[in-house]
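Here's a quick briefing on some side-chain packing. Have the model open as you read.

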Amino acid sequence: MKILEKKSQGNYEYLVSRDSPNSFVTESLQKTIINLEYANIDGKYKIIQFTSSVQSEGKTTLISNLAYLLAQRGKKVLTVDLDLRRPKLNRVYGVINKDGLTDYLLGKIDKNSLINHSEDKVDFITTGEKTTSITNVLQSAKLLALFEELKKDYDYILLDTPPVIVVSDALFVNRIADGIIFVVAHAKAKKALVKEAISSLSKTTTPIIGFCMTQYKVSRGSKYGYTYKYYD
């Protein structure tokens, strides 16, 4: 399946929803958007955190495609790379990882320089300069204040965050997000680790609003896609 082949080659700029709009995968993503819109009918989930149990479950690919489809529906969308240890979002938009979040928090750039604009009408924020003070960054008052401002400007802000089991970063991001979508890679994520990750997230005040299964292989046609289910 094309999206997985491209990703395995390190080509994050390929978006199946844009480049193969009539594919089975794009149709699955469209259904995910519809379910998300129904879950968010009152508009209370503006900042949505995407996380998983372990690495390489397809969060960045999923977020990039959903952001594109939301923008095509006329929504104002911002994607933010909050995986400060293994940033990938800059690769999707074909830019180097500079003038990003850490640079803004250190006062090196202003808000206007922080936000990038893609040709797909999706705005995005990269991580910026690498730092070893990741916990301090994610818990900073300036980060919280930034997102309070951004909420006024966008219909959706999608956060690409690290997996729960590997590091605690995703749990620190909870206070920023209005809701969580938990990503599970079919036939890859271990049941025990998924349960442990969900248990950890459930102890926070941010609700898990849905699950999205990636890399799902259907029985006929050997296709891969996405499924989404409500959590509450």
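**Charges over rings**
- K76 puts its charged end over the ring of Y154, 5.2 Å from the ring centre; a charge sits over a ring if NZ of Lys or CZ of Arg is within 6 Å of the ring centre and within 35 degrees of the ring normal.
- K142 does likewise with Y104, its charged end sitting over the ring at 5.0 Å from the centre.

The model is a predicted one: local features need pLDDT of at least 70 and side-chain atom pairs 80 or more, while totals for chains, interfaces and linings use all residues. Numbering runs from 1 along each chain as its sequence is written, and side-chain values use heavy atoms, with hydrogens and water left out.

**Aromatic pairs**
- The count comes to two aromatic pairs, where rings of Phe, Tyr and Trp (its six-membered ring) pair if their centres lie within 6.5 Å; planes under 30 degrees apart are stacked, over 60 edge-to-face, and the rest tilted.
- Y93 and F124 are stacked, 4.1 Å centre to centre with 10° between the planes.
- Both Y93 and F124 are buried (under 20% relative accessible area; exposed is over 50%, partly exposed in between; 1.4 Å probe, protein chains only).

**Around N174**
- N174 sits in the loop between α10 (169–173) and β6 (179–185).
- N174 counts as buried because its relative accessibility is 4%.
- Leaving out residues up to four places away in sequence, N174 touches Q49, I180, L201, T204 and T206 (contact means heavy atoms within 4.5 Å).

Technical notes: Helices (H or I, at least four residues) and strands (E, at least two) are DSSP runs, numbered from the N terminus.
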